[in-house]
Amino acid sequence: MIHSLFLINASGDIFLEKHWKSVVSRSVCDYFFEAQERATEPENVPPVIPTPHHYLISVLRHRIYFVAVIQSEVPPLFVIEFLHRVVDTFQDYFGVCTEAAIKDNVVVVYELLEEMLDNGFPLATESNILKELIKPPTILRTMVNTITGSTNVGEQLPTGQLSVVPWRRTGVKYTNNEAYFDVVEEIDAIIDKSGSTITAEIQGVIDACVKLTGMPDLTLSFMNPRLLDDVSFHPCVRFKRWEAERILSFIPPDGNFRLLSYHVSSQNLVAIPVYVKHNITFREGSSQGRFDLTLGPKQTMGKAVESVLVSSQLPRGVLNANLNPSQGAYTFDPVTKLLTWDVGKINPQKLPNLKGTMNLQAGASKPDENPTINIQFKIQQMAISGLKVNRLDMYGEKYKPFKGIKYMTKAGKFQVRT
Amino acid sequence: MSASSAFNEEKMGSSSVGEAEYAYDPVSGKIFSSDYNRHDDLKEMLDSNKDSLKLEAMKRIVAMIARGKNASDLFPAVVKNVACKNIEVKKLVYVYLVRYAEEQQDLALLSISTFQRGLKDPNQLIRASALRVLSSIRVTIIVPIMMLAIKEAASDMSPYVRKTAAHAIPKLYSLDPEQKDQLIEVIEKLLADKTTLVAGSVVMAFEEVCPERIDLIHKNYRKLCNLLIDVEEWGQVVIINMLTRYARTQFLNPNLNESLLEDGGSGDKTFYGSDEDEDDDEKENKEKAEAAALAKRKPYVMDPDHRLLLRNTKPLLQSRNAAVVMAVAQLYFHLAPKAEVGVIAKALVRLLRSHSEVQFVVLQNVATMTIRRRGMFEPYLKSFYIRSTDPTLIKILKLEVLTNLANETNISTILREFQTYIKSMDKDFVAATIQAIGRCATNIGEVRDTCLNGLVQLLSNRDELVVAESVVVIKKLLQMQPEKHSDIIKHMAKLTDNIQVPMARASILWLIGEYCEHVPKIAPDVLRKMAKSFTYEEDIVKLQILNLAAKLYLTNSKQTKLLTQYVLNLAKYDQNYDIRDRARFIRQLIVPTEKSGALSKYAKKLFLALKPAPVLESPFKDRDHFQLGSLSHLLNAKAGGYQELPDWPEAAPDPSVRNVEVKESVPEWTKCSSREKRKEKKVEKPFYSDSEGESGPTESADSETNSASASDSASDSEQSRSSSESEESDEGSESEEEKENKNKKKVVKKAVKESESEQSSEEENRKLEKKIKQQEKDSETVSDDEESDSESSQSTSEDSESEAEVKKKAPVSRTPPKPVKKEKKEMSLLDLDDFEPATSPQVTPISTLLSNSLVTDLEGLSLSDSVLAPSTITPSGTLKSYELLHRITGEGLSVEYCFGRQPFSPDANMVAVQLQFTNNSTSETKNLHMKDVKLQSGMRVKEFPEIELLPAGDTASAVMGIDFCDSTQAANLQLCTSTRKFFVSIQPPVGELMRPVFLTENEFKREQGQLMGMNELTEKLILDAKYRNEHAIVQRVTTAAHLSRVPCGSDNECRFAGRTVTSGSLVLVTVATGEEGVAQLTVNCEKMVIGTMLVKDILLALTQ
């Protein structure tokens, strides 16, 4: 299926290549570079590029293109999903997935890629199995390794691949047994010029960090499972049980994983926690524009709206902006015309405001497009949909684990049109 | 490394492409020499005897490979280390070897023996990795070795090794396609594998080597459907795609009736639907009506296998893997009845939250789907609204979907959305939006004028691209009704002064030329201007100027004759031959000369013919002839290796081809050699009952899923009934009272029946008898069928008819008839009081019967054991019990289970599980029973009889049988009360998967001798002080595993023997004790998994 993989950095250098079948010459990437040149933005490179003898399927993550070369029919999503899994694995191993990290750990990267695919077909993609095969590098281990000459490769052979729960490694031991669950909800919304909601929906995930000894069998139940409209599970979740009882029953993988992602049915009205008052105008004839933006909280159930960040792509004609924030700081990049305003926390008594003028290119006519405003924010200790975890039980092991559940609401793709 | 890496960087920059090939370019002499030196020191490091140095060297070499630099000259030095002890060095050597073996074939051969040795290693993971590397070395000379290794690995005990073998198949195939036939044999063998680990990989191999051999799938179809949910996600994608193709060849189109209606068009759905008997109408629409009538006469019934596929793939829509979701979506799109396709919409919309690449692919597919089935995505319209932060690619695809979804009801909202898009900064996107508006306008008549007005307003937009695109779209719209819009044409004529975009200019010119009669004053003026600028125009504009000139010349030659001549002259000397040609052509056609023939008379008709309005179509129209989700669909071109999605067959091929598997699927352990016999039996099938033919598939499908335990028990009941009947007729010795109670005595009677059937069959035919024995092991359903066969030959035809009726009903009704429940109750051990008086009189007839069967078969012996056992074994208090259902989750009902260790009489291949129900709640629990179990493939369950009432605070117990197929996988069951359902699972300790056998010392030694090598596991241990005497050891071991002691000559050895319950593989355990509690534990077992787990368990038992 997947013939080869090339990693290409932002400046167009191929800094890593791996072949699973016979070697494909690097020159195949020329087609990719061509497409890259044609695309105006880095993310506009088409994910699938046909060439005379091969097909290139690429993903862009962390400003690195992962270009897979394939030769015959294969579901494109199969390759794309796999490439993303590779990136996730790198991130899991090295903390970040940057060119530098990959170059520093090139041997581990190579070993990982070798295990993840066999003859181009995925072999071991579960992080638990991979970590049994190849230990992630830590500072301590790197030091020990350089001194003693020992290795990153697991000494004993991994048994995870053979077990009935391939996602969990065997022989897990912890002195502190703990299981943390983060319920994170994101609001995707498009707010119209007049402030009315065009579309809004809530997407949520439950990320887990489970460090439990042995083979625990967990069940997680919700107070209001009906809220969940569409769900997708980690393979460990027993689907039948969910269908019948709306209870999540699973033997968790060891460590961090995404247990569940869900969508809250769009029939429910979505509470929008912030509002924006804006007045962005350009006058005909004058080379100045007015900018006035006020943020305010609404429907936050008494919780503070934090880490607010406003960004807006201003029209090309804008040369610079002279603005005055009532709190936080703003930056304007005259090259990309991107205005960002780091607001911080919204204080309901004193609403944050950004006001001032924009200078336009002299002589240029008034831009007829209006910038959209993207907003990011966080609200701690609240799931905006009202989803609540009822209880978490553990079976199969004797000890009492420490359990924790955290709720958070974030802005997803939250956009205000002006 | 650091010193050289800087150097690498430099070199990387200088030549990034094809560097590997030119590493020895003589021009870069300096690089050459330093390379050479560096490699020298690497060689030295590799030759050293320190692992750390070797490792360092290998790491540097791998880093070189990763950068695409040539390291092939190190091959001899590296290959030497292939047998290195250090695992990481070894792995890196493998990496190197696989990369360069192709280039250095001779040297690579040196390493082969290492792998060959690895293939024989007792550790499955080492065997697997040896095969993996061996098959990855692309050296043609070793093809025979690879072939041999693959064949061997395909029948390896370990599923993991078999999986690796499946992976190796496409590798070998790509190396030497001539091996295809042999490889197909291996694929066929592996397809029959029952483990989820192998399924995905072997289907992958199938797809790469022999996708056309769809016949190989038949027998494995149901198994694949059932395993699907447990296969790893990548395998799921491959299997689903393959099954889609398979289903297209094997089942009927579920939408046949509808598609006929669609073809019939003119909205006469009601006609076909309602008037069933009106002959007159049917004659009118002969062909179609006939076909429809045909469909009507034979109402479409979905093949149960088709349904099975749809049912089993549906949960996978919840997968976290986008590729799996897409695969299921395309399966539903291509295979499901129209009414059911809707379920995929939600899942696909969910994927739109994922990475932009995923969105890209999903949107492409959604775009295709929306053309065929618009209604499906209409509720999710808003999910396709575009955000300014989306990449342009995504924006344009979303726009496509929105356009496809537009209809009379939602067009106003969509147009409002479009209006905001037009103001976007992304001009490509704006252009696409204008196109989209044009398409909405052509498709939906009501909004055409609104759209046109909006587009005309855009003509005054400041951005030229926007205007140009609008012009193009307006041109297309105007063609539909030009007479109304001459003012728009005039307006556009004015634009020629400003617009520079060639396409737009060309469009305007064409419009003016085409409708010059509507704008008689302006048109010549435009031509005048154009003639002036002719030489500077782009080619497409020039062509349109020529067109305009020609048309004006024909309609208004007075004013434009000279201008036309001028333009034609200019064109005559144009650089572009197209334009020169066109000029020549037009001149000949319109300017009358002597030579110009008959054609010029028709010039006007030629140029001013009424042109049909263009149809603005989605580029995704008709893309669905490619399998959705495929690369070919995405590219809208056939990719290499693409398998066409076949059309539905006219008539369904014989569904019974898939039936074979049902019989085979239950017993995992039957050898292939028995296949032939089974085929024979299949031929016989129609003999015993007609109704079987009809109900057969359903029944088999159910038993295959293992979920419909209801039908299982139904057939059980029928079985027991028929058995008792036959007993009556044959023996005639049983009392009336017994006849009345017959349902109560199932346990015994079943055994009677089994042995009896053997006997009778023996009388009939020796061959048949062999089969029955085979099947007894196999499955209940089979033995049932078979038995009824032999029986019907004995009993009267009336009997067999009624039986056939029962059979017919059984799978339909799905609820076990009441008598079953009663009779099964006897198996529960706590009801011993009821039980015992009933059994004692019955033991006698059995034993007499048995004595008959004993003659023919030793199997009978074990049978008699099992029959007698329940009365002799009582639940022992020392048994470890496990919790099945906690009091709290069970809402007061708590259930514990333990392994009673008595043979399970109704089926010797099952492990008896004792369940203890306690009702802790304050209200009584009713109708406690098992339902709808979803088991791992091959597992079977015999439910306990329904407990009709469990008063508050009371306890009850029951026995059920589970065939774990010799695996410790949990059996997942559903426990139902009258009000609630609980999901529970029973996981057996490995020690409970066996039953004791009695062996003499010699037998033991002989068997042990045959189970050496990989089948022998030895572990040293230090016995806990408490367990150092023989008695304690025996006690601990027999507690840990259900084994019996084997007499032994020596004092410091204890031996135990048993057989696994399902397959009857021998399990031999030896504990040899030495000084001071040092002991050695040896386990010999053909099943390595069982062996390893048993070692662990016994170790634990002896050391704790």
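Visitor: Which residues are linked in a network of salt bridges?
Guide: In this predicted model, the network of salt bridges links Glu81(A), Arg85(A) and Glu126(A) with Glu233(B) and Arg320(B).

Visitor: How many salt bridges does the rule find across the interface of chain B and chain A?
Guide: The rule finds 11 salt bridges across that interface. One pair that joins the chains is Arg132(B) with Asp118(A), whose closest N and O atoms are 3.5 Å apart.

Visitor: And how many over all chains?
Guide: A search of the whole structure gives 50 salt bridges.

Visitor: How much area do chain B and chain A bury between them?
Guide: About 9,000 Å² is buried between the two chains, and 58% of it lies on carbon and sulfur atoms. Chain B gives 107 residues to the contact and chain A gives 106 residues.

Visitor: Let us turn to pairs within one chain. What does Arg38(A) form a salt bridge with?
Guide: Its partner is Glu34(A), with the closest N and O atoms 3.8 Å apart. Both residues lie in helix 1 (residues 29–38) of chain A, 4 residues apart, which is about one turn of the helix.

Visitor: Is Arg38(A) buried or exposed?
Guide: Arg38(A) is exposed, at a relative accessible area of 64%. Glu34(A) is partly exposed, at 44%.

Visitor: What about chain B: which residue forms a salt bridge with Arg505(B)?
Guide: Glu537(B) does, and the closest N and O atoms are 2.9 Å apart. Arg505(B) lies in helix 31 (residues 502–514) and Glu537(B) in the loop between helix 32 (522–533) and helix 33 (539–555), so the pair ties together parts that are 32 residues apart in sequence.

Visitor: Are those two buried or exposed?
Guide: Both Arg505(B) and Glu537(B) are buried.

Visitor: New topic: how many residues of helix 23 of chain B are buried?
Guide: Of its 17 residues, 14 are buried, so helix 23 is largely enclosed by the rest of the structure. This helix covers residues 356–372 and reaches 25 Å from its first C-alpha to its last, close to the 24 Å expected.

Visitor: Lastly, which residues make a nonpolar surface patch?
Guide: Leu599(B), Tyr602(B) and Leu606(B) make a patch of about 320 Å². Tyr602(B) is partly exposed, with a relative accessible area of 43%.

Methods. Residues numbered from 1 in each chain as written. Chains lettered and ligands numbered in written order. Predicted model: local features only at pLDDT ≥ 70, side-chain atom pairs only at ≥ 80, totals over all residues. Heavy atoms only, no water. Helix = DSSP H or I, 4+ residues; strand = E, 2+ residues; numbered from the N terminus. Expected span 1.5 Å × (residues − 1). Buried < 20%, exposed > 50% of the residue type's maximum accessible area, 1.4 Å probe, protein only. Patch = residues over 30% accessible without salt bridge, like charges linked within 9 Å, V, L, I, M, F, W, Y side chains within 5 Å. Areas by Shrake-Rupley, 256 points an atom, 1.4 Å probe, with all protein chains shown as cover. Salt bridge = Lys/Arg side-chain N within 4 Å of Asp/Glu carboxyl O. Contact = heavy atoms within 4.5 Å. Buried area = accessible area lost by both parts, 1.4 Å probe.
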